[in-house]
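Here is a short briefing for a first look at a protein complex. Keep the structure open while you read.

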Amino acid sequence: MPPVTLTRRNFLKLGAAAAALASGACSRPREPIVPYAHQPEGELPGVPRFYATAACFVGAAEGMLVESNTGRPTKVEGNTAHPGSLGATSVHGQASVLGLWDPERSKAPRRRGLPATRGALERDIADALARFRDSGGEGLRLLVRDASSPTLLRQLDRLVKRFPRVRVHRWDPLHRDRGREGARLAFGRPLEPLYRLEEAGAILSLDSRFLDDHPYRLNYARQFARARTPRDGQMCRLYALESAPSLVGAMADHRFAMSVPAIEGWLSGKNATYDTIFKDLRQNRGVILAGEALSPQAHALVHRLNAQLGAPVSYIEPPREETQPLADLVEAMRKGAVGLLVILEGNPAYDAPLDLDFGAALAQVPLSVHLSLYEDETSARCTWHVPSTHFMEHWSDARAFDGTAAIVQPLIAPLYDGVSPHELLLLLTGEGKGGYDLVRETWRDTDWDGALRTGVIQDSAFPASPVTPRVSPGSIPSQQQGWQVRFVADEALLDGRFANNAWLQELPRADSKLTWDNAALLSPASAKELGVANGDLVDIAIGERRLRAPAWVTPAQADASVTLPLGYGRSRAGAIGNGVGFDANPLRTRAEPWNAGGARVTKAPGRHEFATTQNHARMEGRDLARHVDLTHMDSFRKERPRNSLYPGWPYDGYRWAMSIDLNACIGCNACTIACQAENNIPTVGKDQVIAGREMHWIRVDRYYEDHRTLFQPVPCMHCENAPCEYVCPVEASVHDSEGLNVQVYNRCVGTRFCSQNCPYKVRRFNFFDHTPKDESLKAQMNPEVTVRMRGVMEKCTYCVQRITRARIEAEKQGRRISDGEVITACQAACPTNAIMFGDLSDEKSEINRAKRSPLQYDLLAELNTRPRTSYAARIVNRNPELKDG
Amino acid sequence: MADVAAPLRRWSYGSVSDKIADIVLARPTHWLWFAAFGAASLGTVAFVGAIGWLFVRGIGIWGVNIPTAWGFAIANFVWWIGIGHAGTFISAILLLLRQRWRTSINRFAEAMTLFAAGIAGIFPILHLGRPWFFYWLVPYPNVMELWPQWRSALVWDIFAISTYLIVSLLFWYVGLVPDLATLRDRAASRAKRIVYGLLALGWRGEARHWARFETVYLLLAGLATPLVVSVHSVVSLDFAIDIVPGYHSTVFPPYFVAGALFSGFAMVLTLAIPLRHFFRLHDFITDRHLENAAKVLLACGWVVAYGYFIETFTAFYSGDEFEIAMVKDRLLGFYGPVYWTVLACNVIAPQILWWRPARRSAWALFAVSLVVNLGMWLERVMIVVQSMHHDFLPSAWGNFIPTVWDWITFFGSIGFFAFLFLLFVRALPTISIFEMRELVMEEKKP
Amino acid sequence: MAQLFDPPAILGIKLFLIAITLAIAAVWVTFYKALPAHSGLLSPQQPIPFSHKHHVGDDGIDCRYCHWSVEKSSFAGIPSAQVCLTCHSQLFSDAPILEPLRESARTGVPIRWVRVHDLPDFVFFDHGIHLAKGVGCVECHGRVDRMPRIERVASLEMQWCLGCHRDPAPHLRRPQDVFDMASQPPRDASVRAQLASRLLSEQRLTDCSTCHR
Amino acid sequence: MSVYGIMAEFTGAEQLLAAARSARAAGYGDIEAYSPFPIEGLAEATGFRRNWVAAIVLAGGLAGGIGGYFMQWYSAALSYPINSGGKPPHSWPEFIPVTFELTVLVAAIAGVAGMLALNGLPRLYHPVFNVREFDLASRNRFFLCLRHADAEAAREFLGGLSPLGVWDVPA
């Protein structure tokens, strides 16, 4: 056969092939630099600026400093000077910045659902007003959610002057009318009790949620933590009687899960427990707090008991507000007596009491205007929807619970074509001013610049009035017995106003660790009785009103009673909030806003899949979240660090470390969401949470042990012998010279070996691409932190960006970073200062003081990972004379 | 024991050469081969498809999560690499031990090793969050001035696996060269002659060449012997150097190597039995061969059983609360059924091989081998997943539920393996021809 | 049996193998050349043909006049249209090449300069600290005062950064020299040591967390 | 025409071995024997002395092992020492696996490369292939080739060994 020979053509073919291989190359896209056309005064690109402002979430103002990066509000911090914050923030404060950037906010006015101009709105209102002029405003009605803004009150006065017969109504689904009514019974005036928990030697909480959703929660939390720090063997003791799981109950030394009638019964009826507890209260300067679910009479009784105890409480008098209840409004609407209804925020069509049927009545109103951030259920039923500006976009003012006023100042021009409540009111009062002028005018004779700088207006708190309660408040009305239905504001979504906030939706609820859902909470005994388990559906019926909801079993719930969190089952909240959970309002009436008796609860067919971030509630006898009796603190055992085969690594610079005080932690989740905001942590959605892929860098573990609920925040431990590091094949997880366990995202290839070998399972992995796609959401990102791509591991960094900023500033001035100069996001947000962070190499530092505490311990110390993050055990202060609870 | 090569007395140099060479060169292909090849091709397509989707969407399409961040990918990797071991064991260790019966099965066993190890090598890369950066695990001078982190067992893996692949390939290819020369000289079509001619490197069987050839062949066997032990030991270190109960165990290296041989020999039988059936190789792969393999299988089975026992025992003996909790969960927890299936497949089923007729019945062996393959895969899954889902902090506990993509990837990899093996059967001599000639000569000796 | 391959065929095979090798090398080189550090676009066209040579070299304007935040911030600062117009409302006030500038000032629409020194988003560089420690502008940006059109002189690759972070001493200038284009790092070893003594440890300077977060 | 050598064909290994021995005894210096499988002692019979393969493998192994350990030490302790899990930069116990693997790898590659090199392979063109019957060398025939010998005498000599045939191998 002829042998293979090389021809010229074959050879050229080969050459061509080679050339083809040689082609093809890639490069990063080129970015432009965009300078300012007109440089803003004092703006320094790359250096964040902080502006003091305030916002109301639970009926009173929470002061805050908002971080702005080249004009973009990106992060909320607390305001130390503000009594409603004391430097801390609530989960809602933290999440509000995401609300600002929510791409689903309403963007333009709508008339009967169709896009319209503000001019048209002004014409419509002007025409209506023309009709009212001679009737003195007959048929002109206002509906407001909360009227704590002095400027708003001032405007309302003006309005009344202009239209004497105008009526202003108020509806807040989280109202505190029963407390007010109780005060009126006791003192003849609607006073507000201002407790000085710090001074209390013992606290009896009667279903009061003073750490959960009380207007003064951050302040109370701080005071409570102080009262709970042992001083010469003494510390405040907490008794909690509660009808629904709450942070208060979780912190209690003696906790009794009782339905509301049971609590009121307990309060009037004398029994052994009652006597023992009151003995303690009398001896140790005790104080009693009553919750909104209790009847006014019970509140009045509590006021009297406090007076008898000489409890540390003073009473303040808020300015009398000239508002009428929602019921009168609805009646007028039905009669067709309302010509123009202006609704300033709130969502009554969704959350007004069922028996009022607000939605139907609204149809009777010829011209209705609804101002709100979102085009929601109420907007859909009104003639006009007007987009409201976010509180970071407008001028206003607000009062803290104690009356201290603060200026709400904008950080950014309105993103969309919205107006503030004040600006909308201007259309009625007919003043030609802007929001700024209005507010400025309200505080004419105060140090305006100082107010803006400090975030508070000096000496604006309500004066405390010395009062003594009347003798007989009248007996407590007996309530319907049988199954009780308890309504509570959801700790994350409140009344539903945060339904479209992904951070809050995915925030694990303190007790249930549920995300993206509310649930009908049942006690284990009741669940057994009904034969339901987590996720089974139950039918709840009160008279003709009925509701089907998935059940969740928690030991913190009272027997024969079901708790229904409000704020869910929204139909027009937005893509994130729509259809999440169930709406409990259909069971809620005017008469029984918080607790309804005589309910029927039965098992229903079908199941619901919950997304919880913690599948196992018990510690299995492991020494994880440790606690010790106040009387046996010296018996606390500590693990000594063991020796290692290798010599230890020398650290001769800063040595960063963290200490978490389980005795102070109330499990409020502020740290979790503050971290999320600071570190560009994505939300992953319900299905991914179910798959076990949530991203929170600091999670709050919750364990049940006998009668106790234990919280344990778990961030990265920054172990000196980090198991995650030596298994990483590419040096993406390594230690830096200051002892930080750093994750180098751009080096990570995603073997997930580190997470496999992390005994604390604090590492989080980007199983999918979670980077923000929407320009608006991109604007919220913290420019100091890398946005992680798909396939990369991430975790707590001790806020390395903050450490770096402090180090650079210190190095520029040729000094060391001083103690307290670096504050991590979680630490800053914590209302109880449970989180301590600092430099171990500085002998006098706070962190060293904390680490010297005899109650300090390392988590899983026997593994000898030498964590830089350590814990201080929780202290339990049980009443020796009280066996149960 | 009767000589395994006895039937060879019927054969001559020429006939034996023709018989084996013709499987490749002449013999018309059996329709079953096409059927099998079609199925295997489908599997391959599925495999490639699943990988494509994985690269588009990310690791999230699998069931992995926190805490169980490793799932099928790693289990498949360990399983495949284990299967590879039998090939090297047969060709290297049995060669050193002068086991003549190895001669007729080492060639395809080595091929099996190559394909299995090759497929195993794919999984760690698929399993990366950012697979396009896999080369960062390899040391090379770069503008970041960074190197692999030598303390990581994954880097050890990279070196172990690639060394294993390369050495196995060399061993296999060196053994092939003389046979390629045979094919070159016997092929009818010119194309075939050229291809085999190139591969044969101009081998002409000169005496000095043979001498050097034999030396290097023997030395390669000597090198492959510690290598094969080291590879699965290193793989086991992926787990053993961790601190997580269920991973952190000193028994792992020997236990993994035994498990590897166990699954490997099972796979050898799974392949050998149909092979000799369809290509009428009963004179070369005799019942004695099968019986010996069966005995090895039984022995390995017992070592593995010992592994299971000692693991459980040490857990309780150590008194470590986490170890004990892990074992309890393994026996009675969410993944309990997996554990009991593993015991049934790997400990109970092989016991039938104590019975001689079972060892000599091809179909019984075939069945047992399949069961053991399944059992060993489940064992890998159990170790990788179950140890993780309940570790130190109960708050972090969770379950791994495989998704459809996990399954497609796994079965796809099997399809791809079959695809490669079927091609090999048709392209290269499945039995070492020159070594068979040696046997024939020895048999002819008076 | 006849020869299967004759010498020319064997030559062909050898040539083919060589061709393959060359092809691979070619691919590698083109890829390497395409890396940002080596790509040809070191000195791109800008919307306005701004000359640092003229402004810095000839007019002797201080860096900080335009890049005003360079000492205080991580970002050096790019002058706003107004800053340019402080002079150019008098000088060349009607030069056509400055039209984009005037338009920007008029309309408030910023000029989009092409970024020449572009670090990846996962690298966090701070101008302020480098200046404070004596790393002069020239060190990274080269003799800007000789550049009619701004160009990149450093690769900005990690190894380039490390080169200095591992051995900073030879790259440090006296505080008063950092903005001086012509200045040189002091020769005197003791001065060098004194400058270097103000730095953190090499360990710290080469920590991953120094530049990546 | 010039000849590469004179070649004789045999049917069995024994004959070839015998033939080789007698050829050597007859004083032929340059003998080549071809067989379809390795035959004990044949190489020596054709005057094969030193077998370097083992030495090459050893050298490769040493190079791989030492080089491997050095690479790890250099990169981890010298080039960029990084604190990984608190272990010292030069944590030798963890350098052992890679060192071992590289020892084996380089040894194996060196061995095979060495074998091919010493055998002068690959060599696709070789004069012996010019002999038509030679293709049976890879099946069942055994060949002996005498080189650089007086052609006439060689034919004579080989013919005396009762081969199947004797051929000239054209260069």
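This is a predicted model: local features need pLDDT of at least 70, side-chain atom pairs count only at pLDDT 80 or more; totals for chains, interfaces and linings use all residues.

Residues are numbered from 1 along each chain as its sequence is written, chains are lettered from A and ligands numbered from 1 in the order in which they are written, and side-chain values use heavy atoms, with hydrogens and water left out.

**Chain B against chain A**

- Chain B brings 56 residues to the contact, and chain A brings 57. Contact means heavy atoms within 4.5 Å.
- The two chains bury about 4,700 Å² between them. Carbon and sulfur atoms account for 58% of that area. Buried area is the accessible area (1.4 Å probe) that two parts lose on being put together, summed over both.
- B:I66, B:R130 and B:L393 supply 16% of the area that chain B buries against chain A, more than any other three residues.
- Between chain B and chain A, 34 residue pairs are in polar contact, both residues at pLDDT 80 or more. A polar contact is a pair of N or O atoms within 3.5 Å; within protein, one must be able to donate a hydrogen and the other to accept it, and residues adjacent in sequence count only if both atoms are side-chain atoms.
- Four helices of chain B, α2 (31-57), α5 (153-186), α6 (190-200) and α10 (321-332), each supply at least two residues of the side that touches chain A. Helices are DSSP runs (H or I, at least four residues), numbered from the N terminus.
- The largest share of that side, four residues, comes from α2(B).

**The salt bridge**

- One salt bridge crosses the interface of chain B and chain A. The term means a side-chain nitrogen of Lys or Arg within 4 Å of a carboxyl oxygen of Asp or Glu.
- B:D391 pairs with A:K761 in a salt bridge, and their closest N and O atoms are 3.1 Å apart.

**Chain D against chain A**

- Here 11 residues of chain D are in contact with 12 residues of chain A.
- The buried area is about 1,100 Å², with 62% from carbon and sulfur atoms.
- Chain D and chain A share five residue pairs in polar contact, both at pLDDT 80 or more, and zero salt bridges.

**A glycine in chain A**

- A:G685 sits in the loop between α20 (670-678) and α21 (686-690) of chain A.
- Why does A:G685 count as buried? Its relative accessibility is 16%, and buried means under 20% relative accessible area (1.4 Å probe, protein chains only).
- A:G685 touches A:E506 and A:W516, leaving aside residues up to four places away in sequence.

Definitions and conventions:
Buried means under 20% relative accessible area, exposed over 50%, partly exposed in between (1.4 Å probe, protein chains only).
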